[in-house]
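Here are some exercises to work through with the model open beside you. Try each task before you read its solution.

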Amino acid sequence: STHRPQPPNMLGVRRGEVECEDRPERAEPLSDAEREIIQDTWGHVYKNCEDVGVSVLIRFFVNFPSAKQYFSQFQDMEDPEEMERSSQLRQHACRVMNAINSVVENLHDPEKVSSVLALVGKAHAIKHKVEPVYFKILSGVILEVLAEDFPEFFTAEVQVVWSKLMGALYWHVTGAYTEVGWLQVSSSAV
């Protein structure tokens with residue numbers, strides 16, 4: 001079996017976040033006001049869907065190069081400009097943004113959100129064998145890029161609401177991992 005690089009140890013990646021918490025009973029629900037904030041701010045982001053998605057993935061792969069192991073086309077690329085031209089990266093960027101869009105559009109329907117994210121989680125667990133900790137890392141990168149690229153919309157309070165949404169996404173995705181028998185979803189990478 002080929003040796004895969006381990007995902008990075010997560011300590012200190014998201015400031016002030018305690019690692020390895022036990023999985024909570026449920027994702028913290030969003031209030032109606034919070035749902036509205038997410039939907040309003042997402043509208044501005046999604047207009048630039050591909051560019052934002054590409055920025056997110058490039059930062060993700062530059063800062064966490066072990067994540068590239070899952071992508072045949074650019075796993076050996078070091079140069080961000082070269083990565084940006086990769087059709088595989090651009091397609092994945094759009095898929096990531098479209099999945100978030102499905103979640104945001106269906107925030108009023110928890111069942112739908114749950115099923116969208118269960119599919120994402122299962123595909124990554126079974127087909128791609130992606131360590132679940134990468135979802136936690138990616139959600140941190142998404143929050144950073146949104147705050148930097150859209151400072152006028154992503155104020156401090158909006159960022160708090162988005163962090164809550166990202167926590168819910170991670171909760172649903174890791175739930176799918178647990179369901180398919182992926183052992184040890186704790187976010188500490190050994």
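**Exercise 1. Find what share of the chain's residues is buried, then describe the overall fold elements.**

Step 1. Take burial to mean under 20% relative accessible area, with exposed over 50% and partly exposed in between (1.4 Å probe, protein chains only). On that scale, buried residues account for 45% of the 190 residues in the chain.

Step 2. Keep in mind that you are looking at a predicted model, in which local features need pLDDT of at least 70, side-chain atom pairs count only at pLDDT 80 or more, and totals for chains, interfaces and linings use all residues. Residues are numbered from 1 along each chain as its sequence is written, and side-chain values use heavy atoms, with hydrogens and water left out.

Step 3. Count the elements: helices (H or I, at least four residues) and strands (E, at least two) are DSSP runs, numbered from the N terminus. The chain has seven helices and zero strands, so its order from the N terminus reads α-α-α-α-α-α-α.

Step 4. Now look at contacts, meaning heavy atoms within 4.5 Å. Of the contacts between residues at least 6 apart in sequence, 76% join residues at least 24 apart.

**Exercise 2. Describe how helix 1 packs against helix 4, and which residues meet.**

Step 1. Two packed helices are described by the angle between their axes and the distance between the axes. Axes are lines fitted to C-alpha atoms, for helices over the stretch in contact, and angles run from 0 to 180 degrees between N-to-C directions.

Step 2. Helix 1 (residues 32-46) and helix 4 (residues 87-105) have axes 10 Å apart, at an angle of about 150°. Angles under 35 degrees count as roughly parallel, over 145 as roughly antiparallel, 65 to 115 as roughly perpendicular and the rest as oblique. Helix 1 and helix 4 are therefore roughly antiparallel.

Step 3. Their crossing is left-handed, a label used if the near helix is turned anticlockwise from the far one by less than a right angle; clockwise gives right-handed.

Step 4. From helix 1, Ile 38, Gln 39, Trp 42, Val 45 and Tyr 46 meet Met 97, Asn 98, Ile 100, Asn 101, Val 104 and Glu 105 of helix 4. By class, this contact of helix 1 with helix 4 has seven nonpolar, three polar and one charged residues. Here Ala, Val, Leu, Ile, Met, Phe, Trp, Tyr, Cys and Pro count as nonpolar, Asp, Glu, Lys and Arg as charged, and the others, Gly among them, as polar.

**Exercise 3. Work out the orientation of helix 7 relative to helix 1, and relative to helix 5.**

Step 1. The axes of helix 1 and helix 7 come within 10 Å and cross at roughly 100°, which makes helix 1 roughly perpendicular to helix 7. The contact of helix 1 with helix 7 divides into seven nonpolar, one polar and two charged residues.

Step 2. For helix 5 and helix 7, the axes come within 8 Å and cross at roughly 55°. That makes helix 5 oblique to helix 7, and the crossing is right-handed. Their contact has nine nonpolar, four polar and two charged residues.

Step 3. Look at one residue of helix 7: Glu 157 lies in this helix (residues 156-179). Glu 157 counts as exposed because its relative accessibility is 59%.

**Exercise 4. Trace the aromatic pairs around Phe 71 and Phe 74.**

Step 1. Rings of Phe, Tyr and Trp (its six-membered ring) pair if their centres lie within 6.5 Å; planes under 30 degrees apart count as stacked, over 60 as edge-to-face and the rest as tilted. The structure holds 13 such pairs. One of them joins Phe 71 and Phe 74, stacked at 4.8 Å centre to centre with 20° between the planes.

Step 2. Both Phe 71 and Phe 74 are buried. They belong to a cluster linked by ring pairs, together with Phe 60, Phe 61, Phe 64, Tyr 70 and Tyr 134.
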